[in-house]
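Thanks for coming, everyone. Let me put the sequence and the structure up, and then I'll walk you through them.

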Amino acid sequence: MKIYSKTGDKGTTGLIGGERRRKDDLLFEAIGTVDELNSFIGAARTEVDGPGDSLQIIQNTLFDLGSSLADPKSLIAFDCAEVIADLEASIDQMTAELPELRNFILPGGSNQSARLHVARSVCRRAERCVIRLELSYDEPVVFLNRLSDWLFVAARYANLKADAKDILWNKR
């Protein structure tokens, strides 16, 4: 199988089902940002400290989301209620071990924490893109919102496990 098809050489690409749209279409912006997020999470998985097992489940769910967005007729099939519940339980579990947060923090600390913070900021962008699609179905936005919360807490947790301190923001 060839990796190139030449069908996108004129600035369009296809959705599942054959519909073609411009590559700068908002839908492809959302799909591409979800894919970018998945790549950053993959980079975070290369680190040995922190919540690596959960990251693979998240990556699979992000791939499901991207596939669902590429096939608008099947978006209702994107069902991640269980993953959302697992993210919430994981947030609660990690938060119970973390010191109380009384200040804003800067992204950084351990390598994995820094990577998770990058993923969190890309996740927020993906959420904004999906919101602009004005879908009639809320679960993709709920998932991305909860995932960005999870990534924030996971970044702090990665610092805790690596004996790295959260970097406090100091107003200048």
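The accessible surface of this protein is about 10300 Å². Carbon and sulfur atoms own 51% of that surface. Areas here come from the Shrake-Rupley method with a 1.4 Å probe, and for residues only the protein chains shown count as cover.

Some ground rules. This is a predicted model, where local features need pLDDT of at least 70 and side-chain atom pairs count only at pLDDT 80 or more, while totals for chains, interfaces and linings use all residues. Residues are numbered from 1 along each chain as its sequence is written, and side-chain values use heavy atoms, with hydrogens and water left out.

Now the overall layout. There are 5 helices and 4 strands. Both are DSSP runs, numbered from the N terminus: helices are H or I with at least four residues, strands are E with at least two. The order along the sequence is β-β-α-α-α-β-α-α-β. Along the principal axes, the C-alpha atoms fill a box of roughly 50 × 35 × 30 Å.

How much of the protein is buried? Of the 172 residues, 39% are. Buried means under 20% relative accessible area, exposed means over 50%, and partly exposed is in between, with a 1.4 Å probe and protein chains only.

Next, contacts, meaning heavy atoms within 4.5 Å. Take the contacts with a separation of 6 or more: 72% of them join residues 24 or more positions apart.

Charges, briefly. The protein has 22 positive and 26 negative ones, and their mean positions lie 9 Å apart. Lys and Arg count as positive, Asp and Glu as negative; His and the chain ends are not counted. Each charge is placed at NZ of Lys, CZ of Arg, CG of Asp or CD of Glu.

On to the core. A nonpolar core is a set of buried Ala, Val, Leu, Ile, Met, Phe, Trp, Tyr and Cys residues joined through side-chain atoms within 4.5 Å. The largest one here has 40 residues. Which of them touch the most other members? Leu37, Leu62, Phe143, Leu144, Leu147, Trp150 and Leu151. The elements giving two or more residues to this core are helix H1 (26-45), helix H2 (52-70), helix H3 (81-97), H4 and helix H5 (139-161). H5 gives the most, with 10 residues.

Look at Leu147. Setting aside neighbours within four places in sequence, Leu147 contacts Leu37, Ile58, Leu62, Leu87 and Cys123.

Stay with H5. This helix has 23 residues and reaches 31 Å from first C-alpha to last, close to the 33 Å expected at 1.5 Å a residue. The expected span is 1.5 Å times one less than the number of residues.

Arg156 also sits in H5. Is Arg156 buried or exposed? It counts as buried, because its relative accessibility is 8%. What does Arg156 touch, beyond residues up to four places away in sequence? Leu98, Pro99, Leu101, Ile105, Ser113 and Asp166.

Now H4, residues 111-132. Its 22 residues should span 32 Å, and the end C-alpha atoms are 32 Å apart, so the two agree. Its buried residues include Gln112, His117 and Glu127, along with Leu116 and Val122.

Val122 has 4% relative accessibility, so it counts as buried. Thr33 is 89 residues away along the chain, yet the two C-alpha atoms are separated by 7.2 Å. Beyond neighbours within four places, Val122 contacts Thr33, Glu36, Leu37 and Phe40.

Most residues other than glycine have a negative phi. Glu134 is not a glycine, yet its phi is positive, about 55°. Glu134 lies in the loop between H4 and H5, and at 70% relative accessibility it counts as exposed. Then Asp163, again not a glycine, with a positive phi near 55°. Asp163 is in the loop between H5 and strand E4 (167-168). With a relative accessible area of 75%, Asp163 is exposed.

Last stop, Asp79. Where is Asp79? In the loop between H2 and H3. Asp79 and Glu139 are 60 residues apart in sequence, and their C-alpha atoms are 7.2 Å apart. Leaving out neighbours within four places, Asp79 contacts Tyr137 and Glu139.
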